[in-house]
Amino acid sequence: MDTTRRGFLGAIGQVTIGAAASVAGASQSAEAAEESHVPHWGMVVDLRKCIGCQACTVACIMENAVPEDAFRTHVSVYELVKDGQDPAMVMLPRLCNHCDDPPCLPVCPVEATFKAENGEVLVDASKCVGCAYCVQACPYDARFINHETQVADKCTFCFHRTQHGLLPACVETCVGGARNFGDLNDPDSEVSIMLRENEVSVLRPEMHTNPNVYYIGLDDVLDGRVAGDSAYHPEMTGQAHAHGEGL
Amino acid sequence: MTNRRNILKGVAAAGALGTFGAGYAETVQKLAKGKWSGKKPRDEHVVGNSIPAEFTIDPETGDVTLNPDQAMSYTMCIGCTTMCGVRVRVDKKANKVLRVAGNPYSPMSTDPFIPYESSVAESFAAMAQAGPGQGLTRRSTACGRGNAVLEQVDNPRRVLKPLKRVGPRGSGKWETISFEQLVEEVVEGGDLFGEGSVAGLREIRDLETPAVEGAPEFGPRANRLVWMNCVDDGRDNFVLRWLKQSFGSNNFTRHGSYCGGAYRSGSGAMFGDFKAMPHAKPDFSNAEFIIFAGTAPGNAGNPFKRIGNLVAKARSDGNLNYVVVDPVLNNAQNGPSGERARWVPIKPGTDGAMAMAMIRWMFENERFNATYLANPSKAAADATGETSWSNATHLVITDQDHPRYGHCLRGSDMGLTIEGEAYSDADPYMVISETGPVAAGASPAPLFHAGEAETPNGAVNIKTALTLLREEAMSREMSDYAEDCGIPIEKLVELAREFTSHGRKAAVSSHGGMMNGSGFYNAYALMMLNTLIGNLNWKGGTMIAGGGFSETKGPAYDLVNFPGKVKAKGLPFGRNVPYEKTTEFKTKKAAGAPYPADAPWYPNAPGLATEWMSSLVNGYPYGAEALIFRNTNPIYGIPGVAHLLDKLKDPAVVPLIISIDPFINESTAISDYIVPDSVMYETWGFTKPWGGVATKATCARWPVIEPKMAQNAEGQRVGLETFLIGVAKRMGLPGFGDEAIPDAQGKLHPLNRAEDWYLRGAVNVAMTGEPVSDATDEDIELSNVARILDDMKATLKPEEWRKAATIFAKGGRYENIERSYQGDKATYAFNPPMLVWNEGLGSFRRATTGTHLPGTPAWRAPEFSDGSKVHDHYPREDWPVQVVSFKSPLQNSYSVGAKSLLRIVASNPVNVGRDLAQAHGIKTGDMVRLTTPGGTLESVAVVRDGVAPDTVAIEHGFGHRGFGAQDITIDGTTMPADPRLAAGVLLNDLGMLDPTRGKAGVWVDPVSGTAVRHGLPARIERI
């Protein structure tokens, strides 16, 4: 049921309907009651509340010792200009989408990448050989080879925190309250309520990845904005004028 | 192409991952379909190098189990001026801060913040999965910079030992010296640098000899020690005790005049206090419409996170619509919020034209709150259910040649018998009646009147304050205002109509964007819009800060008064007093020409660092013998100051410069000595919010890690307090030593260490009003206040230490959120009147011209100090572009060393509007040259739609020469420059001197004396 819903929503290109989510939520609830409850983690990013402060980006670096040439999460900042409209700022937080149909998983030759009990897509470093096929396969550009550990690295939804009852670092420190994290299997959770009550979208819906990261207020112009700048490396040549630009 | 996406952050960004080979074609494990049954991961192999969790909190019960290797402490971030309460996570063994989050007790970091009575354990659970809304409701945050600045603690370029310059000032060469040598040399002076004798602090502290022979108004020679501070980081009260009450110098200034001072002065004009400059902020959560002009909620500002959070929620879940009026589109606007958050581009420095147009329209269409404005007194306001009042109905003397021109008509002017001095509070203000002027009473008075009043000294022309404002507003046509600010008339009317369509639930907000040549009047005009709808102290309107709990004046200890206390006196170094008080004025007047003075004076301004630079290099009104920079950087921060730098570096001009700073910034770089200081989570302090918090809030900072500075011979860490105490003891200054701090019974306690001061300050905070509860053993353990527990027990009285422990365990003292309002009104109301006419402003003469300026808000094109128009010196034909700076969401002037920030934004290309770029053939990525009358810089261009026409915008925080952007040599060992720290450009390098000043000084606003960094006349070319 769960998969069907997400597949359907992905297939039409953009998640649009509160009603469908509501129906799915109800049946999920019934299903959940039958067995012992296992949380399925998800994130709902309300773009109306993102102020582009990059608190999430830096908190993630600190929490996860992310090496200098990479990011596990990041906020892309756009100036969006549509014909006949004033230019507008769009801040787009990006991270591993912890897909239910993760393209990174089947390409792994050693089964290091796997889907964990609560829905996280994780990498078992004891198995990973650093071949980076998963890095290539990710449609969200969310993976990298960690040059310190020599293995594939990515957002874990702060697995090491959620297991201890804490929130992911990026969520805990989100100043505008844009990043919301919780149990999609619990119909009463904040994130489930947000999915029911808002029009939501996903990134790269055409990839049919069934992601667990949803966006409120995502302009369709941006839903493909994932490639290239997830791990943003400013060029450092020593000449001030040649430094990477940025806002 | 219908849509254009401008990826602001990464023109040169290459996909980090895009270089690997073709994708793997086969699948090893087929993807399962249907409900996924995941694996149970083995922790240690799946989380990379992530740091272990700080504790475990049961999601159901909220029970907390500590991680014994880590400490969690509530203290304060000093990564910017907001100074948020934060929670710091420390690796105990490594004495290293691992990460920072917010303090859920603190309104700066959490909304809604948790009740103060909550135990520390409950505070931990509140922001975990066990908390309300699965932890989302009470989540407590640090911003991007706040998350990164812990890196400054371990910055390899920190100054850890006292330094003395080797070679000329600014050479970048230093030697380490002992703390004891440092104190001896700065106190005793002598031939310290082989350049001749230098007076030490002992000689300078002369309380008898005048600073200026024949001009006693400037006080004693001790005033020739001048102190430049940045911002009050919670330690200024200690500094002020040493400087003013112990050493006896009256010269202390902060950074406001090159930060947001023009706004604060404009606000101060309306709130009736040019020194404290009160200001109100919108009630972001309950307002229905806000105009942000010269401030950018969520992009920058103070309190940065709180405003960002409240505005984000209000535009998404609440009832707020707002516009951001700014030459540059920034993160304050939010595309996904649609019409809720709109951007209105404006020409730089012309907000006053917009505001006066709105005011004109409000007068023409009677869209001002006449009922509110008609109350001439607090009694009248109370009688009509209002919560503030104004002087709109008060009569003002308008005869230019009347000795009281520009002042309000008072009872004594009319010959009324008053109980008390003329023009004192006992002397009533006058309003008009059918029988002529009468004392303002408890009933409404007429708003408009222009006429003559018969006084015992003859007839005098009078008008009401509101009449004067209306005349000023009507003196220009809507089309004039529209042309000047670049906002079409229809848009101006739309803004005015919407602003006046929400009762009291509308507001105008401003701040640092007022730093332009007309900034003072622009700010006064913007703020006046609030008074015209009477929104002050109303829920949904504007509100002042609730304040805090004083650490210096409390029921337990008196940290202000002490035996032998000195009263510092004399006119201040920055000339922010009436010129007419000087001997120069009297001498010139006697000679028949009192004006112009030799340089500008600013009676309607606070202390001015901008003007200090002119005073320092010109020795006017007198020279400084010693200058102390404390954690401040005017050489980086003041536009145009580079033109004064060579003179400032000359030891013949200022013989002794001492810096107290953890880093070698652009200003410390030119000092003779550097005293190392604590960083971030190593330091003590108490602060309260500047604004935006309706309840009382005091944030407490304490060392949650062992400071890294070297120790002195007594084993104390060298820093600000150690230095000042050491100097005081060597000089025998009062107020320090074994008998320095009186308690409530008058018994004297020692002040030999920082702890003697701050621990007793914490007791004052704790005991004010209803004392706080004692900290429990659990609170002390969970917050790691155990780290300083022995010191507290040894220093404080038995009944005190658990109270102080509560202050540190909870990171301060916070009134509960329910205290924000009483019904529809703010609990903490501002009671003095809003000044539609400010008589101090309306009556003073500019020292440089002898002429008057308007006493109401007004729109005036920028002027230099001689009253000539800036555009007459630098005509638009030659200087068609205007340059502005804007605040970065990440960098400030002292954060560049936090290396994670440069990972996200590595530099600051100049932002060029699309039309301007096309006219000059500029494309994104091109090198451009910007030239102003003050300087030239070259940088990369980013072409944007979100920049006003003919405007170029530069993000602040880059273009450093200090902090390691240049080589630093200490004891012969050179730490080479890091080009990353030098990245980008600094707008202030384009700043200008005022060419009409005889004594060199930077271009400043004529009333507030504040720096001009917006609207610099410029040219641009592609190179």
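Q: What percentage of the contacts in chain A with a separation of 6 or more is accounted for by residues 24 or more positions apart?
A: The model is predicted, and its chain A comprises seven helices and 10 strands. Among contacts in this chain with a separation of 6 or more, the share of residues 24 or more positions apart is 63%.

Q: What share of the 247 residues in chain A is buried?
A: A residue counts as buried if 20 or more other C-beta atoms lie within 10 Å of its own. For the 247 residues of chain A, the buried share comes to 67%.

Q: Which residues touch the most other members of the largest nonpolar core?
A: In general, nonpolar side chains of soluble globular proteins tend to be buried together. The largest nonpolar core here holds 396 residues, and the members that touch the most others are Met358(B) and Ala804(B).

Q: Which helix gives the largest share of the core that has 396 residues?
A: The core in question is the largest nonpolar one. Its largest share amounts to 11 residues, supplied by residues 519-533 of chain B, that is, helix α15.

Q: How many residues make up the other core, to which Val212(B) and Phe218(B) belong?
A: This other core lies apart from the largest one. Its members include Val212(B), Phe218(B), Leu571(B) and Tyr622(B), and their total number is five.

Q: What distance separates the centres of domain 2 and domain 3 of chain B?
A: Chain B is divided into domain 1 (50-154), domain 2 (370-471 + 833-840) and domain 3 (862-1022). Taken over C-alpha atoms, the centres of domain 2 and domain 3 of chain B are separated by 46 Å.

Q: How far apart are the end C-alpha atoms of residues 70-157 of chain B?
A: An unreviewed UniProt entry annotates residues 70-157 of chain B as "domain: 4Fe-4S Mo/W bis-MGD-type". This span is 14% helix and 24% strand. Its end C-alpha atoms are separated by 27 Å.

Q: Is Ser178(B) buried or exposed, or in between?
A: Ser178(B) is placed in the loop between β8 (173-176) and α4 (179-188) of chain B. A buried residue needs 20 or more other C-beta atoms within 10 Å, and an exposed one has 12 or fewer.

Q: Which elements of chain B do the buried residues of α4(B) pack against?
A: The buried residues of α4(B) are Phe179(B), Leu182(B), Val183(B), Glu185(B) and Val186(B). Just after this helix, Gly189(B) takes a positive phi of about 65 degrees. The packing partners of the buried residues in chain B are α5 (201-204), β23 (656-660), β24 (673-675) and α20 (720-731).

Q: How many residues lie between β16(B) and β17(B) in their hairpin?
A: Strands β16 (residues 430-433) and β17 (residues 436-439) of chain B run antiparallel and are joined by four bridges. In β17(B), Ala439(B) is the bridge partner of Met430(B). The number of residues between the strands of this hairpin is two.

Terms used
Residues are numbered from 1 along each chain as its sequence is written. Chains are lettered from A and ligands numbered from 1 in the order in which they are written. This is a predicted model: local features need pLDDT of at least 70, side-chain atom pairs count only at pLDDT 80 or more; totals for chains, interfaces and linings use all residues. Two residues are in contact if their C-beta atoms, placed from the backbone, lie within 7 Å. UniProt positions are given in the numbering used here, feature names are shortened, and annotations may be inferred rather than shown by experiment. A nonpolar core is a set of buried Ala, Val, Leu, Ile, Met, Phe, Trp, Tyr and Cys residues joined through C-beta atoms within 7 Å. Domain bounds come from an automatic or database domain assignment. Two strands pair if DSSP finds at least two bridges between them.
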